[in-house]
Amino acid sequence: VLSVADNGKPTGEDQLRALYEQAESATAQAMEDVVAKRSFGRMLAMATENVAALTRMTADLADLTLRNLRIASRADITRLARALGRTEDKLERVLQEIESLRDELAAERSKSGAR
Amino acid sequence: VNVLVRIARAPLDALELANILLTTDDAVLGATPRDAVWTHRATTLYRYRSSLREHPIPLLLVFALINRPEIFDLRPGGSLVEFLIEEGFDVFLVDWGYPDEEDADMGLDDYVCDELHWAIRETLRCSGADELTLVGWCIGATLCAMYCGLDGDGEQTAVRNLMLLTMPIDGRSSTYASWVGSPAFDAERIAEQFRVLPGGMVDIANKLLKPVTNFWTSYRRLGQSVADGSARRDVYQPMARWIADNPNFPGRAWAEWIALMYRDGALADGRTRLRGRSVDLRRIEQNLLVVTAAADHIAPREGTMPIFELVASHDVTHFDRAGGHIGLIAGSAARRELWPDIAAWLVERSHE
């Protein structure tokens, strides 16, 4: 094998590797064709819907169990976080109003100062 | 002899491969020093520290709602942020954070009309500039284009330059569309069930577009590079860590994105509305740079091209380069082959 390589020709290992890469590349292309089919999309959609429904059912069950034990559940924390988010939205708008009023006031002051 | 040496080295190679894979989470991403200048809900606006600022027009970087914006600042020596700072730009970055169930009601309108609009406002206030350059990538680019196409108060005039990197505006011919484009795929119901689409699920969907390449070939190539001594963990690990970091996608925004991009093509047709305001890309008048990647399978080039038929900009530049959706802009060749061209385009349009 070594003498063949010295002659500048590909070794057996090189040939094997090239053959493998060719096969891998063909498989990759074939798989890409498979996933691009509508039937694969339909299968994926059903699988996603099933996972989503199972996730929701598990989460609801866990929430119910915790609530019956008088312990705050994820749903309660989410509700609180949403309320905080709404407060933050309002605060952001108020802050922006204050900033624009301050800018307007500064502009007015500099105008009257220039007079 | 060669084969015997290989066999003798195999345990060592296996150990190194395992070490690279197991310590990937230790890779440092986003190492360039920065300060948070504004926050709202999960969104944070960062300004990168620099003593080299020389261009008066700041840059605001906007990434997608999937994956993290650290891709802009991947690793020292391979960071677009670092490069732009060295070129004298004042760089800001908007980070959408890690949305969770409490953000499930965030829609595209919230991202475009509130978060992005306010981030632009804060960027201008913080930098003292009247105008900025908006740089969007992937979904981030679509959000930027939607912002510039909004009907209304003319606040978009603050955007002087618009740079759109591998941006989808019409995905109806993509593989995604064959998955989620049919009415049988009830995106609204799935969004309602999940509340926030788990980031891992979005990642698996992305990887399924090229299953063999993503689930096998990349690891096989890493093993091969370890065996022949050419493995570069400083390059592999940051990218691998970034790919594995998948924030959740707020359910409402996700369902709206599916409808907008893969079902009705409303964005390209100018039929999109956000909070009652129409979004028409024909309103884009900014200096425009569009970068497309020839081998982009996430946002295929054909889905970006309609932008050129729509915009009203007089100054339009298109860089169409070889590469993939992420690799083109963050790959190891980008610093040499793309970033200097981007910087040159920006410099010409960033003077007062």
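Here is a friendly walk through some side-chain features of this structure, which is a predicted model.

Let's begin with the aromatic rings. A pair of such rings is described by the distance of the centres and the angle of the planes. Over all chains, the structure holds ten aromatic pairs. One of them is formed by B:F63 and B:W242, whose rings are edge-to-face, with 6.0 Å from centre to centre and 65° between the planes. The label edge-to-face applies because the angle is over 60 degrees. To find these two residues, look for B:F63 in the loop between β3 (59-62) and α2 (80-86) of chain B, and for B:W242 in helix α9 (residues 233-244) of chain B; the pair therefore ties together parts that are 179 residues apart in sequence. Are these two residues buried or exposed? Both B:F63 and B:W242 are buried.

Now turn to a second pair, B:Y176 and B:Y262. Their rings are tilted, with 55° between the planes and 5.6 Å centre to centre. B:Y176 belongs to helix α5 (residues 175-180) of chain B and B:Y262 to helix α10 (residues 251-263) of chain B, so this pair links parts that are 86 residues apart in sequence. B:Y176 and B:Y262 are both buried.

In chain B, B:R34 lies over the face of B:Y46, at 3.7 Å from the ring centre. Another example is B:R321, whose charged end sits over the ring of B:F319, 4.8 Å from the centre of that ring.

A:L66, A:L69 and A:I71 make a nonpolar surface patch of about 260 Å². You will find A:L66 in helix α3 (residues 38-68) of chain A. The relative accessibility of A:L66 is 30%, so this residue counts as partly exposed.

Our last stop is B:E82, back in chain B. What does B:E82 touch, leaving aside residues up to four places away in sequence? Its contacts are B:T32, B:P76, B:G77 and B:R335. As for B:E54, which is 28 residues from B:E82 along the chain, the C-alpha atoms of the two are separated by 15 Å.

Notes. Residues are numbered from 1 along each chain as its sequence is written. Chains are lettered from A and ligands numbered from 1 in the order in which they are written. This is a predicted model: local features need pLDDT of at least 70, side-chain atom pairs count only at pLDDT 80 or more; totals for chains, interfaces and linings use all residues. Side-chain values use heavy atoms; hydrogens and water are left out. Rings of Phe, Tyr and Trp (its six-membered ring) pair if their centres lie within 6.5 Å; planes under 30 degrees apart count as stacked, over 60 as edge-to-face and the rest as tilted. Helices (H or I, at least four residues) and strands (E, at least two) are DSSP runs, numbered from the N terminus. Buried means under 20% relative accessible area, exposed over 50%, partly exposed in between (1.4 Å probe, protein chains only). A charge sits over a ring if NZ of Lys or CZ of Arg is within 6 Å of the ring centre and within 35 degrees of the ring normal. Patches are made of residues with over 30% relative accessible area and no salt bridge: like charges are joined within 9 Å, nonpolar side chains (Val, Leu, Ile, Met, Phe, Trp, Tyr) within 5 Å. Accessible areas come from the Shrake-Rupley method with a 1.4 Å probe; for residues, only the protein chains shown count as cover. A salt bridge is a side-chain nitrogen of Lys or Arg within 4 Å of a carboxyl oxygen of Asp or Glu. Contact means heavy atoms within 4.5 Å.
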